[in-house]
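Trainee: I have a new model open and would like to walk through it with you. Could we take it question by question?

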Amino acid sequence: MGRLTGKVAIVTGATLVDPGGLNIGGATAAAFAAEGARVVLADINIEGARTLAKQLEAEHGPGVALAVETDLRSEEQIRALIDTAVTSFGGLHLLMNVAGVFPADDGEVATMPIETWDDVLAVNLRSALLTTKHALPHLLSGGGSIVNTASTHAFAGDTSLTGYGCTKAALLALTAYTATQYGREGVRCNAICPGTTRTPPAQQLPAAITDIYRRHTPAPDLNGPAELAQVYLFLASDASSGINGETIRVDGGLLAHQPFVPDMVALAATTASSQG
Ligand SMILES: NC(=O)c1ccc[n+]([C@@H]2O[C@H](COP(=O)([O-])OP(=O)(O)OC[C@H]3O[C@@H](n4cnc5c(N)ncnc54)[C@H](O)[C@@H]3O)[C@@H](O)[C@H]2O)c1
């Protein structure tokens with residue numbers, strides 16, 4: 001028996017794309033299906049979600065996965081998504097809010113296009129409130145687990161991605177409020193903060209940028225979607241039944257160290273080579 005046998009999950013932002021492969025939501029849906037869950041893949045990229053649903057059905061049997069085209073900026077579409085999940089699979093137990101955007105023009109405060117700010121807030125933050133709001137009546141009837149996807153950008157400033165970072169910080173607050181309000185009734189809500197993860201968008205980054213992330217991450221390599229998926233699986237499963245309102249960084253240690261550590265390591269290497 002799998003760790004999620006009998007559970008129905010909605011995973012937002014779950015796709016399989018070529019080139020690139022699974023994103024974080026896609027790898028999470030795949031891990032859930034492998035553990036016995038039936039999964040609803042909610043994404044605006046319906047082609048990517050359908051490709052993943054087909055693959056999951058080929059691996060785990062018909063009726064395991066359903067792709068539902070959803071623009072998470074629309075409350076009507078979110079309402080329809082939840083109805084489809086419940087009608088198709090007979091209930092709802094797990095809500096994984098993974099979808100998110102980080103547009104190129106989400107830059108500095110002084111030059112922020114307000115349309116970009118509004119759009120980032122709608123996709124990253126408002127959608128999590130709305131999916132939670134409409135899923136709650138179903139989760140409350142049998143217990144459930146919600147996981148929101150924040151980021152290391154929730155904790156520290158950057159030269160760009162102002163809107164993105166603000167939504168990710170606010171998601172931690174939404175997580176705490178949801179956990180506080182529904183925990184007693186058996187609905188848990190936790191948050192995951194990925195660091196740079198080798199998903200399709202991150203694979204497009206120039207090597208010089210990826211090297212900087214690697215230099216600042218005290219791990220053999222940057223995480224891939226599969227490492228993230230294992231933490232969603234843990235927070236969705238009964239193995240984490242004692243955890244509610246928690247935030248777990250899955251960043252390979254990016255924020256574990258003092259910001260100057262990579263410079264100190266480089267300085268030590270330079271000193272050692274000049275002495276040798
Ligand atoms: N990859 C990283 O390095 C990284 C780091 C920190 C946090 N995160 C967070 O992890 C989550 C997943 O990111 P990813 O790297 O897998 O990126 P991704 O771009 O592959 O996944 C995001 C998904 O959201 C979907 N989406 C975008 N707008 C939507 C909308 N309006 N309605 C419905 N779906 C929409 C996209 O189609 C896509 O499938 C995001 O919330 C992201 O902020 C990622």
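Mentor: Gladly; this is a predicted model, and we will go from the overall fold to individual residues.

Trainee: What radius of gyration does the protein chain have, and what would a compact globule have?

Mentor: A compact globule of 276 residues would have a radius of gyration near 19 Å. The value for the protein chain agrees with that expectation. Along the principal axes, the C-alpha atoms fill a box of roughly 70 × 45 × 40 Å. The radius of gyration itself is 19 Å.

Trainee: What share of the contacts joins residues at least 24 apart?

Mentor: Here we consider contacts between residues at least 6 apart in sequence. T15 and L41 illustrate how sequence and space can part ways: they are 26 residues apart in sequence, yet their C-alpha atoms are 7.7 Å apart. For the protein chain, the share of these contacts that joins residues at least 24 apart is 76%.

Trainee: How much of the accessible surface belongs to carbon and sulfur atoms?

Mentor: Start with burial: of the 276 residues, 47% count as buried. The accessible surface of the protein chain comes to about 12900 Å². The part of that surface belonging to carbon and sulfur atoms is 56%.

Trainee: How far apart do the centres of the positive and negative side chains lie?

Mentor: The protein chain has 16 positive side chains and 26 negative ones. Some of these charges pair up, and the salt bridges number nine. The centres of the two sets lie apart by 7 Å.

Trainee: Which residues are linked with R73 in a network of salt bridges?

Mentor: R73 forms a salt bridge with D71, and their closest N and O atoms are 2.9 Å apart. At 34% relative accessibility, R73 counts as partly exposed. The residues linked with R73 in the network are D71 and D119.

Trainee: Are D221 and R214 buried or partly exposed?

Mentor: These two side chains meet in a salt bridge, at 2.8 Å from N to O. D221 has a relative accessibility of 34%, and R214 has a relative accessible area of 34%. Buried would require under 20%. So D221 and R214 are both partly exposed.

Trainee: Is T15 buried or exposed?

Mentor: T15 lies in the loop between β1 and β2. Leaving aside neighbours within four places in sequence, T15 is in contact with residues including L22, D43, N45 and L52. Its relative accessibility is 5%, and the cut-off for burial is under 20%, so T15 counts as buried.

Trainee: What distance separates the C-alpha atoms of T271 and P225?

Mentor: T271 lies in helix α9 and counts as partly exposed, at 34% relative accessibility. T271 and P225 are 46 residues apart along the chain. Their C-alpha atoms are separated by 37 Å.

Technical notes: Residues numbered from 1 in each chain as written. Predicted model: local features only at pLDDT ≥ 70, side-chain atom pairs only at ≥ 80, totals over all residues. Heavy atoms only, no water. Rg over C-alpha atoms; globule rule 2.2 N^0.38 Å. Buried < 20%, exposed > 50% of the residue type's maximum accessible area, 1.4 Å probe, protein only. Contact = heavy atoms within 4.5 Å. Areas by Shrake-Rupley, 256 points an atom, 1.4 Å probe, with all protein chains shown as cover. Lys, Arg positive; Asp, Glu negative; His and termini not counted. Charge placed at Lys NZ, Arg CZ, Asp CG, Glu CD. Salt bridge = Lys/Arg side-chain N within 4 Å of Asp/Glu carboxyl O. Helix = DSSP H or I, 4+ residues; strand = E, 2+ residues; numbered from the N terminus.
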